[in-house]
Amino acid sequence: MAIAVLRAETFYLPPSDQPANAWALMPAAERVFRWVELRQQRRLVPPEGFMLGHRLYAQINHNRWVGECPCGSAQVVSPADPRMACTECGAGWFVLVFPDDPAAAEAEVAHLMPHDRNWWNPEDESAWNRPPDTAADPLGDLLAEPDTADDEDEEEGW
């Protein structure tokens, strides 16, 4: 049986003393607030407004759909509810950009072990954790042979 990429609705689940479907009517993006409340014993209220002019790109990080707040905090998110509000800094709701076909992105990494499943939106130029392009030489011209043609001409002129 294949291991599915985790989404907010399969990651943020009610505690074992509650029915498994206790949070079924709660939107996926809001479940993190209840989950954090139960685990950190601190009251959190989801924000009311959106952060206008900001878009965050969702990525698959170690087999989880993740959204990262500009403050550096991150949480598991879901294409079924493409928004995120930070439980750390309290910023308002951010619009999350998912690929047009999230299942295709999941299928792209399905052959990897779950801890190696990482995917970045090609449009996300700000992802700090994106590896360098493997097609390009990471050291670039640093290992190239130096051009000595000019040096030879200068030596002859002495």
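# Reading a predicted chain

Tutor: Just after H2, Gln41 takes a positive phi of about 55°. Keep in mind that the model is predicted.

Student: Which residues of helix H2 are buried?

Tutor: Helix H2 covers residues 31–40, and its buried residues are Arg31, Val32, Phe33, Val36 and Glu37.

Student: What do the buried residues of H2 pack against?

Tutor: They pack against helix H1 (8–11), E4 and E6.

Student: How many helices and strands does the chain have?

Tutor: The chain has 4 helices and 6 strands. Along the sequence they follow the pattern α-α-β-β-β-β-β-β-α-α.

Student: In what order do the strands of the open sheet stand?

Tutor: This sheet has 3 strands in the order E1-E6-E5, and the pairing is mixed. Strand E1 (50–57) and strand E5 (83–84) each have a single partner strand, so one side of each is left without a neighbour in the sheet.

Student: In which sense do E1 and E6 pair, and over how many bridges?

Tutor: E1 and strand E6 (residues 93–97) pair in the parallel sense, over 4 bridges. Within E6, Val97 stands opposite Tyr57.

Student: How does one look for a pocket? What is the volume of the largest pocket here?

Tutor: The general idea is that rolling a probe the size of a water molecule over the atoms shows where empty space is left. In this structure, the largest pocket holds about 180 Å³ of space.

Student: Which residues line the largest pocket?

Tutor: Its lining includes Arg55, Leu56 and Tyr57, along with Glu68, Cys69, Pro70 and Trp128. E1 gives the most to this lining, with 3 residues. By class, the lining has 6 nonpolar, 3 polar and 3 charged residues.

Student: Where is Gln75, and is Gln75 buried or exposed?

Tutor: Gln75 is in strand E4 (residues 74–76). Buried means a relative accessible area under 20%. Gln75 has a relative accessible area of 7%, so Gln75 is buried.

Student: What lies 3.4 Å from a polar atom of the side chain of Gln75?

Tutor: The backbone oxygen of Ala85 lies at that distance, 3.4 Å.

Student: Which residues is Gln75 in contact with, leaving aside its neighbours within four places in sequence?

Tutor: Among them are Tyr12, Val32, Trp65, Met84, Ala85 and Cys86. Val32 is also one of the buried residues of H2.

Student: What percentage of the chain counts as buried?

Tutor: Of its 158 residues, 34% count as buried. As for contacts between residues at least 6 apart in sequence, 52% join residues at least 24 apart.

Methods: Residues numbered from 1 in each chain as written. Predicted model: local features only at pLDDT ≥ 70, side-chain atom pairs only at ≥ 80, totals over all residues. Heavy atoms only, no water. Pairing = 2+ DSSP bridges. Helix = DSSP H or I, 4+ residues; strand = E, 2+ residues; numbered from the N terminus. 1 Å grid on protein atoms, 1.4 Å probe; cavity = no way out; pocket = protein on both sides within 12 Å on 5 of 7 lines; lining within 4 Å. Points joined across faces, edges and corners; volume = space filled by probe spheres on them. Nonpolar A, V, L, I, M, F, W, Y, C, P; charged D, E, K, R; others polar. Buried < 20%, exposed > 50% of the residue type's maximum accessible area, 1.4 Å probe, protein only. Polar contact = N/O pair within 3.5 Å; in protein donor to acceptor, adjacent residues only side chain to side chain. Contact = heavy atoms within 4.5 Å.
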